[in-house]
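Dear colleague,

Below are the sequence and the structure I am handing over to you. My notes follow directly after them.

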Amino acid sequence: MANPWSGEVALVIDGERHVLKLTLGALAELEAGLESGTLIELVERFEGGAFSSRDVLALIVAGLRGGGWQGSAADLVQAEIAGGPMAAARVAAELLARAFTLPEAG
């Protein structure tokens with residue numbers, strides 16, 4: 001189970017459940033791989049709904065790698081993500097939110 005208090009988000013890829021997390025190392029790798037802008041600009045794109053599929057993929061890969069996955073973006077080109085692109089975008093946004101805020105007490 002994904003633990004929101006530690007920044008984790010779950011995603012099913014090719015029928016297998018993965019736990020994603022934006023660790024400091026994953027964030028550094030993500031920022032280094034951004035073709036334009038900074039992490040703050042990436043957050044602003046998500047907040048404004050102006051993110052790209054490249055942004056979503058970069059966040060998913062960073063989160064997977066932060067969760068211990070050893071793959072790359074190329075490994076996800078043919079992958080089936082449960083819920084499709086909308087679920088991937090939701091998980092990417094949740095990763096950003098959980099990396100920079102505490103979840104609300106439920």
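Arg98 is part of helix 4 (helices, H or I of at least four residues, and strands, E of at least two, are DSSP runs numbered from the N terminus). With a relative accessible area of 27%, Arg98 is partly exposed; buried stands for under 20%, exposed for over 50% and partly exposed for what lies in between, with a 1.4 Å probe and protein chains only. Neighbours within four places in sequence aside, Arg98 is in contact (heavy atoms within 4.5 Å) with Pro4, Gly7, Glu8 and Val9. From Arg98 to Trp5 the C-alpha to C-alpha distance is 7.9 Å, although 93 residues separate them in sequence.

The model is predicted: local features need pLDDT of at least 70 and side-chain atom pairs count only at pLDDT 80 or more, while totals for chains, interfaces and linings use all residues. Residues are numbered from 1 along each chain as its sequence is written, and side-chain values use heavy atoms, with hydrogens and water left out.

Next, the core. The largest nonpolar core has 27 residues, and Leu30, Leu42, Leu59 and Ile60 touch the most other members. Such a core is a set of buried Ala, Val, Leu, Ile, Met, Phe, Trp, Tyr and Cys residues joined through side-chain atoms within 4.5 Å. Strand 1 (8–13), helix 1, helix 2 (39–47), helix 3 and helix 4 each give two or more residues to this core. Residues up to four places away in sequence not counted, Leu42 touches Leu30, Leu34, Asp55, Leu59 and Leu96.

In helix 1, the buried residues are Ala26, Leu27 and Leu30. They lie on the same side of helix 1 because they cover an arc of only 100° around the axis, the arc being that of the directions from the helix axis to the C-beta atoms. Leu24 and Ala32 are exposed on the other side of helix 1. Strand 2 (16–21), helix 2, helix 3 and helix 4 are what the buried residues of helix 1 pack against.

In helix 2, Leu39, Leu42, Arg45 and Phe46 are buried. Their arc around the axis is only 115°, so they sit on the same side of helix 2. Ile40 and Glu47 are exposed on the other side of helix 2. The cover over the buried residues of helix 2 includes helix 1, helix 3 and helix 4.

Last, the pockets. A pocket is an open set of points on a 1 Å grid over the protein atoms alone, where a 1.4 Å probe fits, with protein on both sides within 12 Å along at least five of seven lines; lining residues have an atom within 4 Å of a point. Grid points are joined across faces, edges and corners, and a volume is the space filled by probe spheres set on the points.

The largest pocket holds about 280 Å³ of space. Its lining has 16 residues, with Leu30, Gly33, Leu34, Arg54 and Ala58 nearest the centre. Helix 3 (53–66) and helix 1 (24–33) each supply at least two of the lining residues, and helix 3 gives the most, with 6. By class, 8 residues of this lining are nonpolar, 3 polar and 5 charged (Ala, Val, Leu, Ile, Met, Phe, Trp, Tyr, Cys and Pro count as nonpolar, Asp, Glu, Lys and Arg as charged, and the others, Gly among them, as polar).

Regards
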